[in-house]
Amino acid sequence: MTKPHAIVILTGAGISAESGIDTFRGGGGLWEQHRVEDVATPEAFARDPELVLRFYDMRRAAIQTKASNAAHVALGRLEREWPKRVPGGEVTVVTQNVDDLHERGGSLNVIHMHGEHLSAWCTACDARHRWTGPLLDRPRCPACGTRALRPDIVWFGEIPYRMDAIQTALAEADLFVSIGTSGAVYPAAGFVRLARELGLQTLELNLERSQGSTWFHETRLGPATELVTNWVDTLLA
Ligand code: APR
């Protein structure tokens, strides 16, 4: 593999697993006895807003009790150190995760394509507000005051955020790395194919082979805290 300059890193629930946040598929299951369609769709929110808001209030409170792990911290270090090592060195983290553990691990250039727990969205004026408390009591938008806020989460059937920025980052990158994602949910699951079409090198770091594993030039299997730390150490050595 030639030395990369710009790196795009896609992350999924697996990178936060060792911080004590359940993944979606397999294991304890994030959905806490709820079917996905009961809590993670716009239809569910229209049908039973209290159920949905209570669910997300619980998740929002829970992530604030967790800490970033060695894998998040290694990616933060890579983003800081890489531009000093390589001309044009740039690191973009594209995450499907709605926790803030990348930011707490030191990453600044993070695209939250599925939204964020610690953000609330006003569908009237489109303002977004940092939000750490509950939404069940239906607080009004602090900016326009006209409508209650909703979780700033991309539900099933909604369009992920910042797809243009993600495609631009991929078009300008040399290396695509996928960490801790099952490759079950599009469009993120399709990024490796796009990366291949664009001529990027591709690397997968995951506990087990993802659904799109055969698209990667290389797959390394193991826990993210070990694999990501080793990969970053080698790159920066
Ligand atoms: N280290 C590395 N990988 C791990 C670890 C770990 N410690 N623990 C689990 N994994 C891997 C699993 O093997 C699995 O392949 O992480 C992956 C997690 O897959 P999912 O639970 O499907 O999570 P993700 O890919 O992020 O889901 C995508 O689906 O429900 C939606 O919107 C939700 O963003 C989410 C999307």
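The legends below describe close-up views of a predicted model. Local features need pLDDT of at least 70 and side-chain atom pairs count only at pLDDT 80 or more, while totals for chains, interfaces and linings use all residues. Residues are numbered from 1 along each chain as its sequence is written, and side-chain values use heavy atoms, with hydrogens and water left out.

View 1. Strands (E, at least two residues) and helices (H or I, at least four) are DSSP runs numbered from the N terminus, and two strands pair if DSSP finds at least two bridges between them. Strand 7 (residues 175-179) is joined to strand 8 (residues 201-206) by five bridges, and Ile 179 stands opposite Leu 205 in strand 8.

View 2. Buried means under 20% relative accessible area, exposed over 50%, and partly exposed in between, with a 1.4 Å probe and protein chains only. Contacts of Glu 79 (heavy atoms within 4.5 Å), not counting residues up to four places away in sequence, are Val 91, Ser 107, Leu 108 and Asn 109.

**View 3. Strand 4 and its antiparallel partners.** Six of the seven residues of strand 4 (residues 115-121) are buried, so this strand is largely enclosed by the rest of the structure. Four antiparallel bridges pair strand 4 with strand 6 (residues 150-153), where Pro 151 stands opposite Ala 120. Three antiparallel bridges pair strand 4 with strand 5 (residues 128-130); Trp 121 has Arg 128 as its bridge partner there. Six residues separate strands 4 and 5 in this hairpin, and Asp 126 in the turn has a positive phi of about 70 degrees.

**View 4. A cluster of Phe 45, Phe 55, Tyr 56 and Trp 155, linked by ring pairs.** Rings of Phe, Tyr and Trp (its six-membered ring) pair if their centres lie within 6.5 Å; planes under 30 degrees apart count as stacked, over 60 as edge-to-face and the rest as tilted. Phe 45 and Trp 155 form a tilted pair, 5.2 Å centre to centre with 50 degrees between the planes. Both Phe 45 and Trp 155 are buried. The ring centres of Phe 55 and Tyr 56 are 5.0 Å apart and their planes stand at 90 degrees, so this pair is edge-to-face.
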